[in-house]
Amino acid sequence: MTKAGGAKKILGIFGRMLLLLVLVSVLSFVLITKAPIDPLTAYVGTESTLSQEAKDEIAEKWGLNESLPVRYFTWVKNMLHGDFGMSITYKKPVIDVIHERLAYSAVLMALAWVFSGILGYALGILSGMRRGKLFDKVVKTFCLVLQSAPSFWLGLLILSVFAVQLGWFPIGMAMPPGKLAAEVTLSDRLHHLILPVFTLTIVSIGKITLYTRQKLIEIASSDYILFARARGENTRQLISRHMLRNTALPAVTTQFLSFSELFGGMALAETVFSYPGIGTATTAAALNGDVPLLLGITLISALFVFSGNLIANILYGVVDPRLREGGGYV
Amino acid sequence: MFKENRLLHANMPNTRVRIVLYISAAAIYLVGVFIWGAVLPASSYAVNYADKFIPPGAQFLFGTDFMGRDMFFRCVKGLSNSLVIGLAASLISSVIGLLLGVSSAVIGGKFDKFVLMCVDCCMGLPHLVLLILISFTLGRGATGVLFAVALTHWPELTRLVRAEVLQLRNTQYVQVAYRMGKTRLNVAREHILPHVLPVYIVGLVLLFPHAIMHESAVTFLGFGLPAETPAIGVILSEAMRHIATGKWWLALFPGLMLIAAVLLFDVIGENLKKLLNPESGQE
């Protein structure tokens with residue numbers, strides 16, 4: 001495949017996924033606006049003290065009296081100008097709320113994503129190499145149980161053990177209560193971050209470990225490994241020359257494809273640890289009928305999943321040397 | 001020869017016997033919990049402020065909560081409630097998945113593209129966010145969570161069924177049936193459905209753990225079952241409020257009961273998959 005071919009392929013993937021993003025935004029818009037709350041109330045809140053003129057102005061701006069397609073396009077137009085509306089729950093522009101909270105959640109998710117990826121990959125390789133041995137069985141059972149456990153329950157247990165019984169970590173929040181924002185040190189923040197990150201890592205580790213293990217076992221039974229053994233390569237050489245290379249790409253791809261679950265796990269972990277990120281904001285928005293904020297967060301989460309899928313697709317189709325050099329998968 | 005025979009005899013019934021054992025163990029646990037929860041009188045987990053926060057022991061197996069309710073009976077009732085919702089939701093979801101999967105593969109063309117688009121659309125949002133949105137739209141409560149769980153679990157099964165049917169469609173006997181002038185509906189009913197059924201059943205069984213976990217997650221966040229209903233999600237979200245004061249038993253046992261149910265279904269599903277797959281069924 002030529003370089004232009006690769007670029008064309010990326011553009012194709014990008015275009016298809018962009019269309020999907022638009023469809024997802026339509027779907028969420030329809031879902032949210034069909035909720036049994038008055039659209040105007042959804043934008044100004046039930047305890048609004050706004051005058052009738054101000055209300056009319058808001059209705060005018062968001063096209064609340066118009067038909068659904070018109071409203072959708074008004075929303076998209078305002079959004080493209082960076083105006084997501086005002087959040088009733090936080091009495092701030094939605095974009096500010098998202099901006100502020102995303103910073104917390106992004107750190108949380110990024111750390112958990114990296115840790116679970118590295119640890120899960122290593123565990124998967126190790127247990128795949130010892131297939132059928134005690135270590136492998138323990139890892140496999142551990143991962144299966146982890147996958148069957150509700151993430152918020154794991155969070156509660158971790159909180160109970162490390163924060164309540166042992167008292168090593170604070171019980172929740174992102175910084176010590178009663179401390180001014182300016183006085184909060186980095187170590188304070190880290191101290192509060194450890195348990196949520198640990199929970200989210202544990203929650204996400206099962207999938208990647210089992211996947212890597214499966215992939216490694218598949219590769220280990222392939223002919224080229226048999227041939228490599230016959231050539232006299234020892235286990236260490238086998239791993240570093242063949243197995244790591246061949247499992248790395250699928251593992252990274254899986255990890256990117258798990259953005260959707262990562263987001264869900266993050267939301268639940270944040271609720272357990274009352275961590276002021278996007279996850280707690282989502283629940284707050286939906287519980288308070290805060291339509292502008294809910295729409296904004298939904299779109300952000302869709303973008304997040306979208307970028308994960310996009311990267312995975314590109315990794316899969318373009319970076320893979322077997323495909324890049326023009327051969328199909330063997 | 002003798003050795004081979006023995007191997008055959010030692011191995012062949014093994015998987016089957018083991019699966020029967022798994023299935024009966026799971027069935028006893030699940031049906032037991034379900035029936036027990038259904039007939040359990042509300043008085044067994046009634047409010048009794050005299051017995052507040054008693055740690056687990058002989059009198060109260062799982063301890064009591066902040067209103068002095070017996071957590072053991074509350075968990076049984078709660079899991080029973082969760083099972084009903086999970087079962088109903090996964091049945092609905094799996095039927096949607098089956099119908100869409102078969103029809104998109106058989107009809108093909110634009111309809112196929114449309115179905116795939118719907119699948120991608122459903123998977124374009126984080127699952128939890130979609131659940132929250134649907135339950136928000138339906139005004140929360142039990143109906144909200146039921147529909148949310150039922151309407152979001154079909155995409156994976158649809159893909160699975162569709163792939164299976166596409167593979168089948170290219171087999172010779174199906175092609176022959178078409179050439180002999182059978183209608184699409186006829187072929188679908190006579191040749192495709194029987195082949196897809198095992199995939200469907202395994203899919204249904206494996207869907208169930210997801211459904212029940214998502215139900216409890218949505219309920220935990222406050223969108224699902226109302227707070228007065230005993231449900232695992234409700235119990236755990238109440239437990240969250242008391243965990244800071246060291247009431248660990250409020251969270252531990254309900255979660256363990258849920259995990260047991262989920263794991264049992266997973267084990268059944270994985271083993272059924274092995275059994276129904278002709279390539280590994282004889283192992």
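How many residues of chain B are in contact with chain A, and with how many residues of chain A? In this predicted model, 40 residues of chain B contact 45 residues of chain A. The legends below take up that interface, an aromatic pair with its cluster, and a loop tryptophan.

**Figure 1. The interface between chain B and chain A.** Together the two chains bury about 3600 Å², and carbon and sulfur atoms account for 82% of this area. Phe136(B), Thr137(B) and Ile243(B) contribute 16% of the area that chain B buries against chain A, more than any other three residues.

**Figure 2. Polar contacts and composition at the interface of chain B and chain A.** Between chain B and chain A the number of salt bridges is 0. Residue pairs in polar contact across this interface, with both residues at pLDDT 80 or more, number 4. On the side of chain B that touches chain A, at least two residues come from each of helix H3 (109-123), helix H4 (127-137), helix H8 (184-221), helix H9 (232-242) and helix H10 (249-276) of chain B. By residue class, that side of chain B comprises 29 nonpolar, 8 polar and 3 charged residues.

**Figure 3. The aromatic pair of Trp113(A) and Phe259(A).** Over all chains, the structure contains 18 aromatic pairs. In the pair shown here, Trp113(A) and Phe259(A) are arranged edge-to-face, with 5.9 Å from centre to centre and 75° between the planes. Trp113(A) belongs to helix H5 (residues 94-129) of chain A and Phe259(A) to helix H11 (residues 259-272) of chain A, so the pair ties together parts that lie 146 residues apart in sequence. Phe259(A) has a relative accessibility of 10% and therefore counts as buried, the limit for this class being under 20%.

**Figure 4. The aromatic cluster that includes Trp113(A) and Phe259(A).** Trp113(A) and Phe259(A) are joined through ring pairs with Phe256(A), Phe263(A) and Phe304(A) in a cluster.

**Figure 5. Trp168(A) in a loop of chain A.** Trp168(A) is located between helix H7 (151-165) and helix H8 (186-220) of chain A. Its relative accessibility is 51%, so Trp168(A) counts as exposed, a class that begins over 50%. When residues up to four places away in sequence are not counted, Trp168(A) touches Phe162(A) and His191(A). Trp168(A) and Leu195(A), 27 residues apart in sequence, are separated by 9.9 Å in space, C-alpha to C-alpha.

Terms used: Residues numbered from 1 in each chain as written. Chains lettered and ligands numbered in written order. Predicted model: local features only at pLDDT ≥ 70, side-chain atom pairs only at ≥ 80, totals over all residues. Heavy atoms only, no water. Helix = DSSP H or I, 4+ residues; strand = E, 2+ residues; numbered from the N terminus. Buried < 20%, exposed > 50% of the residue type's maximum accessible area, 1.4 Å probe, protein only. Contact = heavy atoms within 4.5 Å. Buried area = accessible area lost by both parts, 1.4 Å probe. Salt bridge = Lys/Arg side-chain N within 4 Å of Asp/Glu carboxyl O. Polar contact = N/O pair within 3.5 Å; in protein donor to acceptor, adjacent residues only side chain to side chain. Nonpolar A, V, L, I, M, F, W, Y, C, P; charged D, E, K, R; others polar. Phe/Tyr/Trp six-rings, centres within 6.5 Å; stacked < 30°, edge-to-face > 60°.
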